[in-house]
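Please examine the sequence and the three-dimensional structure shown here. The paragraphs that follow lead through them step by step.

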Amino acid sequence: MEGSDTMTDQSTTYPARDDFGAQVSRAGIVGIFAALVLIYFWFGGMKFTQYEAKGLESFVGPSFVIGWMYDVFSLRGFSIFLGILEIAIGLLIAGRLVSPKLSVAGGLFSCGLFLTTISFMLTTEGVFAPEELTFPAISVMPGQFLLKDFGLLAASVLVVGESLSAIARQRGA
């Protein structure tokens with residue numbers, strides 16, 4: 001398509017390859033994938049420490065979503081289980097290099113994990129700032145710490161969407 005600003009692949013329109021904005025967007029997508037993999041490997045690895053196991057207790061214990069897991073696992077056992085899960089999610093997202101189907105699975109698991117951690121905002125003591133401040137004021141810890149998970153959830157949704165688009169492009173090729 002000479003002289004065209006876009007390339008059409010089935011019903012989806014993609015910016016031309018020489019479009020600088022498209023190149024920056026693609027770099028951003030790669031960055032999101034890499035950042036999530038790094039976060040999952042690093043956080044997952046930390047879950048094998050007693051320090052991290054203790055740090056989870058105030059979030060997980062009162063949770064209506066996963067608090068029951070302390071009935072199944074010890075404090076340390078749950079942390080190790082979560083570490084294995086997080087590293088597996090990181091591997092699945094990194095699996096985009098092999099197959100977008102792997103990163104779809106990783107992205108979906110990641111969405112589930114971040115929806116769970118966002119739910120901690122409702123059950124963790126100290127999320128909202130002291131009475132002298134009014135809504136929407138939240139504490140630095142744990143409030144702002146948990147609030148960042150909205151961004152990580154959005155990044156996870158992007159992983160799923162980009163991976164599904166890659167699958168569709170493969171089928172159309």
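Glu-57 and Lys-54 lie three residues apart in helix α2, so about one helical turn separates them. Helices are DSSP runs of H or I with at least four residues, strands are DSSP runs of E with at least two, and both are numbered from the N terminus. The side chains of Glu-57 and Lys-54 meet in a salt bridge (3.2 Å, N to O), a term that denotes a side-chain nitrogen of Lys or Arg within 4 Å of a carboxyl oxygen of Asp or Glu. Both partners are partly exposed: Glu-57 has a relative accessibility of 35%, and Lys-54 has one of 48%. Here buried means under 20% relative accessible area, exposed means over 50%, and partly exposed lies in between (1.4 Å probe, protein chains only).

The model is predicted: local features need pLDDT of at least 70, side-chain atom pairs count only at pLDDT 80 or more, and totals for chains, interfaces and linings use all residues. Residues are numbered from 1 along each chain as its sequence is written, and side-chain values use heavy atoms, with hydrogens and water left out.

A search of the whole structure finds seven salt bridges. One of them joins the side chains of Lys-47 and Glu-52 (3.2 Å, N to O). Lys-47 is buried, at 4% relative accessible area, and Glu-52 also counts as buried, at 19%. In another salt bridge, the side chains of Lys-148 and Asp-149 meet (2.6 Å, N to O). Lys-148 is partly exposed, with a relative accessible area of 32%, whereas Asp-149 counts as buried at 4%. Salt bridges with shared partners also join Arg-26, Arg-96, Glu-162 and Arg-169 into one network.

Which residues touch the most other members of the largest nonpolar core? Among its 26 residues, they are Leu-36, Tyr-40, Phe-78 and Ile-93. A nonpolar core is a set of buried Ala, Val, Leu, Ile, Met, Phe, Trp, Tyr and Cys residues joined through side-chain atoms within 4.5 Å. Two or more residues of this core come from each of α1 (20–46), α2 (50–60), α4 (75–94), α5 (100–123) and α7 (149–172). The largest share, six residues, belongs to α5.

Leaving aside residues up to four places away in sequence, Ile-93 touches Phe-33, Leu-36, Val-37, Tyr-40, Ser-103, Gly-106, Gly-107, Ser-110 and Val-159. With the same exclusion of residues up to four places away in sequence, Phe-73 touches Phe-78 and Phe-81. Phe-73 is placed in the loop between α3 (69–72) and α4 and counts as partly exposed, at 27% relative accessibility.

On the surface, Leu-38, Trp-42 and Phe-43 form a nonpolar patch. Phe-43 is found in helix α1 and is partly exposed, with a relative accessible area of 36%.

The last topic is confidence. The protein chain averages a pLDDT of 90, and 89% of the residues score at least 70; pLDDT is the predictor's confidence in each residue, from 0 to 100. In the protein chain, confidence is highest in α4, at a mean of 98, and lowest in strand β1 (residues 6–9), at a mean of 44. Over residues 1–9, pLDDT stays under 50. Where pLDDT is low, the predicted coordinates should not be read in detail.

Technical notes: Contact means heavy atoms within 4.5 Å. Patches are made of residues with over 30% relative accessible area and no salt bridge: like charges are joined within 9 Å, nonpolar side chains (Val, Leu, Ile, Met, Phe, Trp, Tyr) within 5 Å. Accessible areas come from the Shrake-Rupley method with a 1.4 Å probe; for residues, only the protein chains shown count as cover.
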